[in-house]
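I opened a new page for this chain. My notes cover charged pairs first, then a helix packing.

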Amino acid sequence: MGVRKFGATRFDMELLEAVDAASARKVPLALVIPLPAADTPIALGAASLVAQIIRTGSLDVTATVVSKRLSQRAAYDHLYIESQRLADFIPRARLTTDDKVEVIGGPVRDRSGRLILTSELGRVSGRGALVIDGTATDVGDLGPRLHREQDHALVYITDTPFDSNLDAIHKAGGVVWAFDSPSLGVLAAPFSPGEATGEFAASSKLLRAAAMAERVVRAPEAATSLDQALSGTWKALGRLAAVTGGSPNLAMTHAVRWAWGVLSTFSLSVTSPASYDAHVRRGPFSVLLGDATSHARAVSSQSAGPIRDAWAMVADGFADIYEAAQERPKFTLVQDWVREETGQRGTGMIVTRNQSAVAALTADLDESPLGSVAKVDLVRS
């Protein structure tokens, strides 16, 4: 197919200038970009490698990208500098089960440089820039990580200005650089008029589509008991991550990751926990919200010292969330949205956590007064 030249968009240039400025001042940077499924993290990871090469004059440079999107991994292999493929000089790599760096593929001119791709932030250690895709992975509390990364460039990407990690970035002396939908439409234009634009950080077509998208945030008029329970458990998990960070115990690492996953399921669920559990397929990897508290207490009883106490606080948090979520404070908001959609367009789509959440919400909507009139398709995220 040959080599296709990228014509940078104004979005590309503004993005890179913000990252370069934060890196030069050695401050963490959060990017709020309301784009779906863009390859921005891998583009910034590659750009950081090039910046390090220019600064050091060496190919022995490293960057790490934390993301669950497998498409981004293949995207790196298609990046070139002039006619030279970047991966031939700095191959992508992964972390093995014992946290060693393993090269993917056969680089032509390997000079020890690496672009490391992983989905687990807790396993990341070492030198070089760190790019975290908060839209595609459970990153938990960034606070402890920010204190350890003071000498390295750190970029955190999210699609929502309500991401609690933005507060951690601020507290660490970092900068939050946010794009709104109207600005994305302006920035979709080519940086150099006359040049065709390619898909680097994001395509012009995607930027224009995002500019036309309407985002509406619905929330209770006042904080509910569920909000308070979620907030308290988030802080408890942050403390747990701090006391277990860097632990060589692989089982503990997986347990902490499980706990973040449980909190994520609680956070995104619209129905009651009992309704969710009723639709979970039983299996060795099934997660029942009703069992979360007992599981956390079991881990606590097998631990010692600060770790034991941290797990006990997480267990208490799960118990508080379970009780508060029984009232289904979010379900009323979904019902209001369904009522509006059926009145205006006659159809709509809801994206929720997973297949169990789809089944639970479908059943609850069918049992509500709207069940006979709503035409809403539910899909898993």
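**Entry 1: Arg297 and Asp316.** I looked up Arg297 and found a salt bridge with Asp316, the closest N and O atoms being 2.9 Å apart. For this term I take a side-chain nitrogen of Lys or Arg within 4 Å of a carboxyl oxygen of Asp or Glu. Arg297 lies in helix 12 (residues 292-301) and Asp316 in helix 13 (residues 305-325), so the pair ties together parts 19 residues apart in sequence. Helices (H or I, at least four residues) and strands (E, at least two) are DSSP runs, numbered from the N terminus. Arg297 is partly exposed, at a relative accessible area of 39%. Asp316 is partly exposed too, at 38%. My cut-offs: buried is under 20% relative accessible area, exposed over 50%, partly exposed in between (1.4 Å probe, protein chains only).

**Entry 2: ground rules.** I note that this is a predicted model, where local features need pLDDT of at least 70 and side-chain atom pairs count only at pLDDT 80 or more, while totals for chains, interfaces and linings use all residues. Residues are numbered from 1 along each chain as its sequence is written, and side-chain values use heavy atoms, with hydrogens and water left out.

**Entry 3: other salt bridges.** How many salt bridges does the structure hold? I read 6. One of them joins the side chains of Asp77 and Arg92, at 3.0 Å from N to O. This pair links distant parts of the chain, 15 residues apart: Asp77 sits in the loop between helix 3 (70-76) and strand 3 (80-81), Arg92 in strand 5 (residues 92-95). Is Arg92 buried or exposed? Arg92 counts as buried, because its relative accessibility is 18%.

I also checked Arg339, which forms a salt bridge with Asp336, the closest N and O atoms 3.0 Å apart. Both are in helix 14 (residues 329-344), 3 residues apart, so about one helical turn separates them. Arg339 is partly exposed at 45%, and Asp336 is partly exposed at 29%.

**Entry 4: back to helix 12.** I looked for the packing of helix 12 with helix 10 (residues 250-268). Their axes come within 12 Å and cross at roughly 155 degrees. Axes are lines fitted to C-alpha atoms, for helices over the stretch in contact, with angles from 0 to 180 degrees between N-to-C directions. The two helices are therefore roughly antiparallel (the term needs an angle over 145 degrees). Met252, Trp258, Val262 and Phe266 of helix 10 make the contact with Ala292, His295, Ala296 and Val299 of helix 12; contact means heavy atoms within 4.5 Å.

Methods
Parallel < 35°, antiparallel > 145°, perpendicular 65-115°, else oblique.
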